[in-house]
Amino acid sequence: MQPMFLRSSLSTLLCRPQSRLLHLSRVPCCYSKTNSEAKYKDPLKLGSRDLKNLYEDIKKELFMTTQELKEMCEYYFDGKGKALRPMLVVLMARACNIHHNNCREVHPTQRSIAVIAEMIHTASLVHDDVIDGSDSRRGKKTVNQIWGERKAVLAGDYILSAASVALARIGNATVISVLSQVIEDLVRGEFLQLGSKENENERFAHYLEKTFKKTASLIANSCKAVSILASPDPAVHEIAYQYGKNIGIAFQLIDDVLDFTSCADQLGKPAAADLKLGLATGPVLFACQKFPELNALIMRRFSLPGDVERAWQYVRLSDGVHQTTYLAQRYCSEAIREISKLQPSPERDALIQLTETVLTRDK
C-alpha cells in the first residue's frame with residue numbers, strides 16, 4: 001500500500017490552481033474585530049509568547065550529571081535554529097483551540113508537544129551528521145566533529161530518550177502513538193535514503209516517500225498531536241495532519257533546491273552536500289528528463305571522479321531547480337487548502353503565511 005501522501009497523485013498536485021498560493025493576502029479573517037489587527041503579524045512574533053524559554057525548558061528535560069554529555073546534548077539548543085517546528089505546533093494548537101471552543105490559549109500539554117518535536121528533530125540532526133560524516137551544521141562544527149562519532153550517537157540517543165520521557169508524561173495514549181510513529185518514520189526514511197531505485201519511474205515516488213518520512217512526518221504528526229489535545233473531531237485531526245505533511249514536504253523540496261542555489265555561508269553547510277553524499281534529490285531527478293545520461297550517475301551514487309561536477313552542470317543547464325520549486329508551491333497550495341477549512345483566526349492566517357516563508361527562504 002502506498003503511503004498516504006502518495007495516494008493523491010503528483011499530477012493532482014501539479015494541476016491545482018495557483019491563485020490560493022499567489023494571493024495569500026486575500027484569505028479572509030473574521031475571527032474578531034479585536035484580533036483583526038494581528039491578522040498579518042509576523043508568525044514568529046505571533047507564536048513567540050508560547051515559545052518563550054523554549055530552549056531553557058528543553059535543557060531542563062536533558063538534566064544529567066555528566067558534564068561532557070550535558071555539553072554535547074545542549075550543543076545545538078543554542079537558540080540559533082529556526083525553531084520552525086515548535087512555531088508550527090503552537091500556531092496549530094491555537095488555531096485548533098479557536099476552531100473547537102474559541103479559546104486562544106495553548107494548553108501546557110500542547111506546548112510540551114512543541115518541546116518534544118524540537119528534541120526529536122535535533123536528535124535526528126545529531127544522528128544524520130554521524131551517518132553523513134558532516135563536519136558543519138548551522139555554521140559551526142558538528143557534535144561528531146568535536147566529540148567523535150561514538151559519543152555523538154550516544155548524545156542523539158539521549159536526546160531521543162529524554163523526548164520519549166516527556167512524551168510519556170503527557171499521558172494521552174493516542175498522542176503517544178502518533179508521535180512514536182515519527183521515530184519509526186525517521187529510521188525507515190534513513191534506510192530509504194541509503195538505497196536507490198533502478199526503475200526510473202519509481203525514483204520520484206521513492207524520493208517523496210523518503211522526504212515524507214525524514215522531514216514531513218515529524219511536522220505532520222506533531223500538528224496532529226496538538227489537534228487531538230484540542231478537539232475530539234477526527235476531521236480537525238486530519239486537517240492538521242495534512243497541513244503539516246504538505247508544508248513539511250515543501251520545506252524539504254526547497255532545502256533540496258537551496259543545495260544548488262545557495263552558497264555555504266548562507267546554508268551553514270557545504271553546498272552540493274547532497275550530491276557529495278550520493279543523493280539524487282528533486283532537481284537532479286527533474287534534470288534527468290532533459291539529460292538521461294544522469295541516470296547512470298544516479299545509480300552509482302555520483303561515486304566516480306567528476307560525477308558530482310557533471311551532475312551539478314546538468315542540473316544548472318536544466319529546469320530541475322524551477323520544477324522542484326514549482327512542486328513545492330503545489331504542496332504549499334495544498335497546505336493552504338487544508339488549513340483554510342478551520343475557523344478564521346490570526347493563527348490560521350499565520351499558518352498560511354508560513355507557507356510563503358517556506359517558499360522564499362534562502363537558508
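**Ground rules**

This is a predicted model: local features need pLDDT of at least 70, side-chain atom pairs count only at pLDDT 80 or more, and totals for chains, interfaces and linings use all residues. Numbering starts from 1 along each chain as its sequence is written, and side-chain values use heavy atoms, with hydrogens and water left out.

**Stop 1: the whole chain**

Now colour by accessibility. Of the 363 residues, 54% count as buried. Buried means under 20% relative accessible area, exposed means over 50%, and partly exposed lies in between (1.4 Å probe, protein chains only).

Accessible areas come from the Shrake-Rupley method with a 1.4 Å probe; for residues, only the protein chains shown count as cover.

Then consider contacts, meaning heavy atoms within 4.5 Å. Among contacts with a separation of 6 or more, residues 24 or more positions apart account for 76%.

**Stop 2**

Select residues 54–61, which form helix H5. Which of its residues are buried? They are Leu54, Tyr55 and Ile58. These residues lie on the same side of H5, because they cover an arc of only 90° around the axis. The arc is that of the directions from the helix axis to the C-beta atoms.

Move to residues 67–74, helix H6. Its buried residues are Met72, Cys73 and Glu74. They pack against H5, helix H9 (143–147) and helix H10 (149–170).

**Stop 3: salt bridges**

Side chains of opposite charge can pair when their charged atoms come close. Here a salt bridge is a side-chain nitrogen of Lys or Arg within 4 Å of a carboxyl oxygen of Asp or Glu. The count by this rule comes to 21.

Select Arg111 and Asp57. Their side chains meet in a salt bridge at 2.9 Å, N to O. The pair links distant parts of the chain: Arg111 is in helix H8, Asp57 is in helix H5, and they are 54 residues apart. Arg111 counts as buried because its relative accessibility is 19%. Asp57, at 21%, is partly exposed.

Next, select Arg188 and Glu184. This salt bridge spans 2.8 Å, N to O. The two residues are 4 apart in helix H11, so about one helical turn separates them. Arg188 is partly exposed at 47%, and Glu184 is partly exposed at 37%.

Then take Glu338 and Arg337. Their salt bridge is 3.3 Å, N to O. Glu338 is buried at 6% relative accessibility, whereas Arg337 is partly exposed at 29%.

Finish with Asp50, Arg94, Arg104 and Glu347. A network of salt bridges links them.

**Stop 4: a nonpolar patch**

Select Ile131, Val187, Phe191 and Leu194. Together they make a nonpolar surface patch of about 430 Å². Patches are made of residues with over 30% relative accessible area and no salt bridge; like charges are joined within 9 Å, nonpolar side chains (Val, Leu, Ile, Met, Phe, Trp, Tyr) within 5 Å.

Which helix gives the most to the patch? Helix H11 (residues 173–194) does, with 3 residues. Zoom in on Phe191, which is found in H11. Phe191 counts as exposed because its relative accessibility is 62%.

**Stop 5: Asn246 and the cysteines**

Select Asn246, in helix H13 (residues 234–261). It is buried, at 1% relative accessibility.

Last, select the cysteines. How many disulfides does a search of the whole structure find? It finds 0, with a disulfide being a pair of cysteine sulfur atoms within 2.5 Å. Look at Cys288, buried at 13%, and Cys332, buried at 0%.
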